[in-house]
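This briefing is meant for a reader who is meeting the structure for the first time. Please look through the sequence and the model shown below, and then read the notes that follow.

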Amino acid sequence: NADLRDADLRDADFRHADLRGADLRSADLQGANLRHAGIRGANLQGANLRGANLQYASLQNADLSGAQFDANTKINGPYWAIRVALGGRRVLVKLQ
């Protein structure tokens, strides 16, 4: 499993990347392209996902607690229920 804690990954291209089980705690993924990435079981606690593209990413069992999103974060694809932080409050989101 990749250890990318606190890494500066702004605008990185992770399309179709295999990041299963990766440690991305507090990583800066602002503007990163994670479209179709395999992120199952990854730890994204406190990660900056503002403006990131997570369309069709596999997020099963990923820990997104404290992750930061904004209106430019793209999330859709298969239907996954996850807890995310939006506007400072936690909500249950069904990705579609």
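A residue is called buried when its relative accessible area is under 20%, exposed when it is over 50%, and partly exposed in between, with a 1.4 Å probe and protein chains only. The model is a predicted one, in which local features need pLDDT of at least 70 and side-chain atom pairs count only at pLDDT 80 or more, while totals for chains, interfaces and linings use all residues. Residues are numbered from 1 along each chain as its sequence is written, and side-chain values use heavy atoms, with hydrogens and water left out.

**The chain as a whole**

- The secondary structure of the protein chain comes to 0 helices and 2 strands, where helices (H or I, at least four residues) and strands (E, at least two) are DSSP runs numbered from the N terminus.
- The protein chain has 96 residues, of which 43% count as buried.
- Contact means heavy atoms within 4.5 Å, and among contacts in the protein chain between residues at least 6 apart in sequence, 2% join residues at least 24 apart.

**The nonpolar core**

- In soluble globular proteins, nonpolar side chains tend to be buried together.
- A nonpolar core is a set of buried Ala, Val, Leu, Ile, Met, Phe, Trp, Tyr and Cys residues joined through side-chain atoms within 4.5 Å, and the largest one here has 26 residues.
- The residues with the most contacts inside this core are Leu9, Phe14, Leu29, Leu34, Ile39, Leu44 and Leu49.
- When its neighbours within four places in sequence are left aside, Leu49 is in contact with Leu29, Leu34, Leu54, Leu64, Ala67, Gln68, Phe69 and Thr73.

**Salt bridges around Asp23**

- The structure holds 7 salt bridges, each being a side-chain nitrogen of Lys or Arg within 4 Å of a carboxyl oxygen of Asp or Glu.
- One of them joins the side chains of Asp23 and Arg5, at 3.4 Å from N to O; both Asp23 and Arg5 lie in the segment before β1, so the pair ties together parts that are 18 residues apart in sequence.
- A network of salt bridges links Asp3, Arg5, Asp23 and Arg25.
- The side chain of Asp23 also makes a polar contact of 2.6 Å with the side chain of Arg25; a polar contact is a pair of N or O atoms within 3.5 Å, where within protein one must be able to donate a hydrogen and the other to accept it, and residues adjacent in sequence count only if both atoms are side-chain atoms.
- Apart from its neighbours within four places in sequence, Asp23 is in contact with Ala2, Asp3, Leu4, Arg5 and Asn43.

**Further charged pairs**

- Asp28 and Arg10 meet through their side chains in a salt bridge of 3.5 Å, N to O, and this pair links distant parts of the chain, with Asp28 and Arg10 both in the segment before β1 and 18 residues apart.
- Arg10 counts as partly exposed at 47% relative accessibility.
- Asp13 is found in the segment before β1, a strand that covers 81–86, and Asp13 forms a salt bridge with Arg15 in which the closest N and O atoms are 2.5 Å apart.
- Asp13 is partly exposed with a relative accessible area of 46%, and Arg15 counts as partly exposed at 48%.
- Although Asp13 and Gly31 are 18 residues apart in sequence, they are 9.2 Å apart in space, C-alpha to C-alpha.

**Residues with a positive phi**

- Asp6 is not a glycine, yet Asp6 has a positive phi of about 60°; Asp6 is placed in the segment before β1 and is exposed, with a relative accessible area of 60%.
- His16, which is not a glycine either, has a positive phi of about 60°; His16 is found in the segment before β1 and counts as exposed at 60% relative accessibility.
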